[in-house]
Amino acid sequence: MSDIVNYNEQTFESIKHINENGQEFWYARELQIALDYSQWRRFNETIERTKTACKKSGNDIDEHFAEVGKTIEMPKNAHKEIQDYELSRYACYLIVMNGDSRKEVIAVGQTYFAVKTRQESSGKKSNAEFLKWFEPIVTALKDLGGRANPKDARDRIATNLNLSKEEIHETRGKTQINKFANEVAFAKNYLAYEGIIDKSERGIWALTEKGMNCEMTEQYASDIFQKWVKIFKNRRDEKNPDEAEDSQVH
């Protein structure tokens with residue numbers, strides 16, 4: 001968690017743009033670089049998956065992913081038209097939620113883009129996809145006597161939910177990371193932040209007394225996520241008060 005706190009929001013704040021209507025947006029090409037994607041093709045694959053998630057959540061794709069063209073200079077005074085998008089904060093939020101949880105920049109992006117989206121509003125549930133694993137993780141660990149290694153925990157989740165082989169082995173991104181394992185890892189991290197899981201023993205996820213006694217619901221999972229993204233933001237603001245003040249001017 002300390003690694004996350006030490007990151008700087010300026011990675012994303014510095015590439016934010018404001019249109020003529022005063023609305024903030026991010027260019028996909030610039031976000032690609034910030035998130036350490038070396039190839040546009042790979043990043044665009046993530047965008048296409050994210051569009052599907054946006055549509056499933058009942059949002060207008062064109063509102064959050066405005067396709068625009070850019071002209072770049074080529075050798076011998078030639079020019080080339082390339083694809084780009086103007087992304088809303090919510091679109092960026094969905095993109096980082098589909099990123100590789102092992103990359104610190106992804107974790108920072110989750111916090112940065114989540115804090116000000118409408119999912120954060122009090123009393124509303126977050127649409128973060130990995131929240132669906134909070135309850136299955138707690139249930140699986142209870143089934144396994146309160147503690148297990150990550151593989152056994154995932155296997156129990158798969159059994160309890162009767163997941164298909166396709167769901168278990170689905171990969172994404174340029175590194176072909178396992179989607180199921182990646183999202184479960186995200187969920188486990190937030191359960192640990194909340195004191196529901198104790199991960200102090202290397203390679204073991206253990207329910208605390210709080211975890212053994214808790215009843216995990218969709219709203220509770222959403223509340224935990226929203227609570228901790230706020231905490232991370234406040235800690236960074238306290239560490240960099242001048243930058244926090246600058247970010248509020250926009």
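Begin by selecting glutamine 110, which counts as buried because its relative accessibility is 1%, where buried means under 20% relative accessible area, exposed over 50% and partly exposed in between, with a 1.4 Å probe and protein chains only. Glutamine 110 sits in helix α7; helices (H or I, at least four residues) and strands (E, at least two) are DSSP runs, numbered from the N terminus. If you show its surroundings and set aside residues up to four places away in sequence, glutamine 110 touches Tyr93, Val96, Met97, Phe186 and Tyr190, a contact being heavy atoms within 4.5 Å.

Before moving on, keep in mind that this is a predicted model, in which local features need pLDDT of at least 70 and side-chain atom pairs count only at pLDDT 80 or more, while totals for chains, interfaces and linings use all residues. Residues are numbered from 1 along each chain as its sequence is written, and side-chain values use heavy atoms, with hydrogens and water left out.

**The whole chain**

Of the contacts in the chain with a separation of 6 or more, 61% are between residues 24 or more positions apart. The chain exposes about 13200 Å², and carbon and sulfur atoms supply 46% of that area, as found by the Shrake-Rupley method with a 1.4 Å probe, with only the protein chains shown counting as cover for residues.

**Helix α8 and its two helix partners**

Next select helix α8, residues 134–143, together with helix α9, residues 150–161. Two packed helices are described by the angle between their axes and the distance between the axes. Here the axes come within 9 Å and cross at roughly 105°; axes are lines fitted to C-alpha atoms, for helices over the stretch in contact, and angles run from 0 to 180 degrees between N-to-C directions. The two helices, α8 and α9, are therefore roughly perpendicular to each other, on a scale where angles under 35 degrees count as roughly parallel, over 145 as roughly antiparallel, 65 to 115 as roughly perpendicular and the rest as oblique.

To see where they meet, show the side chains of Pro136, Ile137, Thr139, Ala140, Leu141 and Asp143 in α8, which face Ala153, Arg156, Ile157, Asn160 and Leu161 in α9 across the contact. The residues of this contact of α8 with α9 divide into 7 nonpolar, 2 polar and 2 charged, where Ala, Val, Leu, Ile, Met, Phe, Trp, Tyr, Cys and Pro count as nonpolar, Asp, Glu, Lys and Arg as charged, and the others, Gly among them, as polar.

On the α8 side, Phe134, Ile137 and Val138 take part, and they meet Val184, Ala187, Lys188, Tyr190 and Leu191 in α11. By class, the contact of α8 with α11 has 7 nonpolar, no polar and 1 charged residues.

Colouring α8 by accessibility shows that Phe134, Pro136, Ile137, Val138, Ala140 and Leu141 are buried. Just after α8, glycine 145 takes a positive phi of about 85°.

Select β5, β9 and β8, which form an open sheet of 3 strands in the order β5-β9-β8, with antiparallel pairing. The strands β5 (147–148) and β8 (197–198) stand at the edges, each with a single partner strand, so one side of each is left without a neighbour in the sheet. Strand β8 pairs with β9 (residues 205–207) in the antiparallel sense over 2 bridges, and two strands pair if DSSP finds at least two bridges between them. Within this pairing, look for isoleucine 197, which stands opposite leucine 207 in β9. Helix α8 lies across β5, β8 and β9, running at about 85° to β9.

**The end of α9**

Select leucine 161 in helix α9, which counts as partly exposed because its relative accessibility is 41%. Leaving aside neighbours within four places in sequence, leucine 161 is in contact with Trp133 and Pro136. Asparagine 162 is in the loop between α9 and α10 (165–169), and counts as exposed because its relative accessibility is 67%.

**A last stop at two loops**

Finally, select lysine 103, in the loop between α6 (89–97) and α7 (104–115), and aspartate 36, in the loop between α3 (28–34) and α4 (40–56). Lysine 103 and aspartate 36 are 67 residues apart in sequence and 9.3 Å apart in space, C-alpha to C-alpha.
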